[in-house]
Structure formats: C-alpha cells, structure tokens
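Have your viewer open and your selection tool ready.

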Amino acid sequence: MKRYSAFAVAREALRHHLGWERAWRSPEPQKRYDAIIVGAGGHGLATAYWLGKNHGIRNVAVLEKGWLGGGNTGRNTTIIRSNYLQDPSAAIYEKARSLYETMSQDLNYNVMFSPRGVLMLAQTHHEVRGYRRTAQANALQGVETEFVGPERVKELCPIINLSGPRYPVLGALWQPRGGTARHDAVAWGYARACSDMGMDIIQKCEVTGIRREGGRVVGVDTMRGAIGCDRLGIVVAGHSGALADMAGFRLPIESVALQALVSEPIKPCMDVVVMANTVHGYMSQSDKGEMVIGGGADGYNNYTQRGSFHHVEETVRALCETFPMISRLKMLRWWGGIVDMTGDRSPIISRTPVEGVYINCGWGTGGFKAIPGSGWAMAELMAKGTSPLADPFSLTRFREGRFIDESVAAGVAH
Ligand SMILES: Cc1cc2nc3c(=O)[nH]c(=O)nc-3n(C[C@H](O)[C@H](O)[C@H](O)COP(=O)(O)OP(=O)(O)OC[C@H]3O[C@@H](n4cnc5c(N)ncnc54)[C@H](O)[C@@H]3O)c2cc1C
C-alpha cells in the first residue's frame, strides 16, 4: 500500500493523478478462511483490523451484502463521546474515543476527527441531577467531563436560546474532547488497512445461511456460494436478529428506524455538538457548513431505511425552539438507518450458543462513537475467547439480570 502524504498529493498533482492505486482490492471469495466477519460496517471492519493488527489473524474475509459502509456507519450523525454512566460502558467508549484521537495516523487515512466538544443540555431538574451524577461517575472512571451552568453553555454555543418557550437550559454535561469524525472515512480507512494486511473484503455478498456441524460453525452460505470458516463474527447492526435466526438462536434485540437530516450549508455558526434530550433533538455543523440534525428512533419495529414524518416534525420543532436562528433554513437531505436496540440500551459483544460464532450488536442509536473500541474488544474475544472490555457485555447478562443500564446516557439518539 502506498502511503498517503502531502508529498504523495503533490507528486500525483504533477502526473494527472494517474499513480493512485485502488484503496482496497475486490477479490473473489476463497473456499475457506480462518475467520469470517459478516457486515462491512465500521464495527465489522474494525474487528477485522484488530484481528490482524493485535492478534496476527489475517486469513480473514469481511462479507457485505451491499457496499461497505452503506449501513448505519454511512448514515449516522457522527457524534463521538464517552460520558456514559456505568463502568463497563465508560471503559469501552473511552477506549474508543481515545483510539479516535490517533486513528488518522494509525490508518494513514484522514478520518477528520474533530474533538470540538459535546454539550448535553439539562432542561429539567431531573436531568440536572442525572448529569451531575454522570459527571461524578466520569471523574471516578477517568473520563474528562464537567457539569456547566447556563452562562458557560451560552459562551460555548452563542446561538442557543437559554430560555426556550417550553424548557429553559439549566446547564449541561460538557465533554471537551468529544466531537465528530467523517463516518465514510472511518469505514474506508479500516477497509484499506484490512486489504493491505491481505484480508478479503467482499461486497455484494449476502450471507443467507450459517453452516453448523455438531454445535460448531463450519461456514456460511452466501449469494456467491458456500465459504468455510473456523470462527464467525456477526456484526450486522439492525439485521442481527435475522443472522442469529440463521444460526439457530434468538437475541433480546429489536430493530427500529432512526433518522437524520441535513440543512443547506451556511456560514460557521456553531463549533460544538449540542444534544437536547428532553425536547429530543441534536445538532452539529459539518465542515461543509450543513447543520447535521437528528432526533429519536421510531416507536415501532421496522426494517425501513427511512424516517417517519412525526419524528422529523418533532425534532425540527425542538431545534427551532433551542436555536431560533435555524428556523428559516431549508433542509436538503433526509434519511434513515435500522438500529438494533437492547432493553438496557447497552451493546452485546459475546460468544453465542453456537461454538465459534460471536456476535457484536445492540449499539442502537449510538455505536459510531464506539467503532474502534468495539472492534478491539470483539477481535480479542474472537482470538482469545475472552476480553476484559467485552466480557461485561455478554449475552448471559440478560439471563442473570446483570443489566448495564444506560437509558439516561443513550435515551436519545446520538
Ligand atoms: C440516523 C442515525 C444517526 C446516528 N447517529 C449516531 C451518532 O451521532 N453517534 C453514534 O455514535 N452513533 C450514531 N448512530 C448509530 C451508529 O450509526 C451505529 O450504531 C453504527 O454505525 C453501527 O455500525 P455497524 O458496523 O454495527 O453497523 P452497519 O454500519 O449498519 O453495518 C452492518 C452491515 O452489515 C451488512 N449486512 C446486514 N445483513 C447482512 C447479511 N446477511 N450478509 C452480509 N452483510 C449484511 C449491512 O449491509 C451493513 O453494511 C446513528 C445511526 C443512525 C441510523
């Protein structure tokens, strides 16, 4: 793989950009691999990357039914933060956030990580109490957050309306090293690094069945034929239930649509991310100037990759109250993704009842921020059978009643 650098850009500019090589290969599937990952979203690609990088397992295929990064990874609003309440969550989300800090250098791919800071507004006294508690938990966990008052909120985000018609801003949970990154670039950067390690990323290759012998996985059926493997990682977000069904077990998970939208581009007016959970909306400004907006997940299960009208109305109304200056903006695009929700709003990274099959899902409305840490943990679990970061998130917690309740941190989409 040729390294990307300022020197390479200058060199290619002088020779009409004819010297660039493809970022990743498009190989035909082989008959078998040591490990197969289903799903070329961020989590699947990061799992493959860390399998190769940390554990030397490189005879790996990543199978994707569409195009890589075309699922939720390429549809999300890219907020990165680690201000969760429970210790296992803080550990994995903070690991991920810290890996984002160096991801562009590690992958030699500019993922445009922008630690501009994230404000989670407290607009009821209940939220003030909740976020003060989270700030204290974060202090014990070594996660840098702070509860700030309304004056500091206004300083950080001058376009905000502190005395909204329905809910005044009473303060906010502030994470200064939270922020955003370019979602496609995260998928593309991992794909390029995996391909460089000799792994096969096979797009347009839907997995349609999971082959088992004596309670162990031996391979998968795909649209491009059967492929054998010793280990199988299922990392398909909103389709996790369907893949678990193929393997013969059930998951405590529901799939619902979550939507987002962007406005026409405007001059820079907001250099932090703001989430307003009570009124249900959040917003940041992209490098192109578009306001990136998201709201809540649908209240009913479905597999449609588009949003519903009542949510878009609710979200835009909430944001117009919070940021009156956006009320005249035109919205340019509106889309949805299928997110995978667990009852305790925490992910599942786990072995399964089928030997050799591992599952990574349940990131719901907030898994983009976790991609590098989740891949790290899932790879360790697949390589060693155990992982300190992943173990608390095993499927057994639902049987044992050992929930990792993140309904406050993850109660709104983000
Ligand atoms: C509108 C929206 C906004 C969001 N905003 C944020 C945010 O601001 N911050 C945040 O942290 N998170 C956010 N999220 C959540 C985040 O996008 C997801 O948690 C994360 O991207 C999940 O990544 P993934 O790799 O697990 O799944 P995906 O990116 O969905 O990848 C799974 C892949 O599996 C493939 N697949 C499915 N079935 C099969 C099959 N049978 N065979 C082969 N391949 C298959 C799919 O095609 C897909 O490409 C948002 C999500 C949405 C929809």
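Start with H2 and H7, whose crossing is left-handed (the near helix is turned anticlockwise from the far one by less than a right angle; clockwise would be right-handed). Select residues 42–55 for helix H2 and 183–196 for helix H7: their axes come within 9 Å and cross at roughly 30°. Axes here are lines fitted to C-alpha atoms over the stretch in contact, with angles from 0 to 180 degrees between N-to-C directions. Helices (H or I, at least four residues) and strands (E, at least two) are DSSP runs, numbered from the N terminus.

A word on the source: this is a predicted model, where local features need pLDDT of at least 70 and side-chain atom pairs count only at pLDDT 80 or more, while totals for chains, interfaces and linings use all residues. Residues are numbered from 1 along each chain as its sequence is written.

Now show side chains. From H2, Gly42, Leu45, Ala46, Ala48, Tyr49 and Gly52 meet Val186, Ala187, Tyr190, Ala191, Ala193 and Cys194 of H7 (contact: C-beta atoms, placed from the backbone, within 7 Å). This contact has 10 nonpolar, two polar and no charged residues; Gly counts as polar.

Next, select the ligand. Around the ligand are 41 residues, the closest being Gly39, Gly41, Gly71, Gly337 and Gly367 (C-beta atom, placed from the backbone, within 6 Å). H2, strand E12 (253–265) and strand E16 (331–342) each give this shell at least two residues.

Finally, select 36–79, which an unreviewed UniProt entry annotates as "domain: Rhodanese". That stretch is 32% helix and 18% strand.

Note on methods:
Contact = placed C-beta atoms within 7 Å. UniProt positions renumbered as here; feature names shortened; annotations may be inferred.
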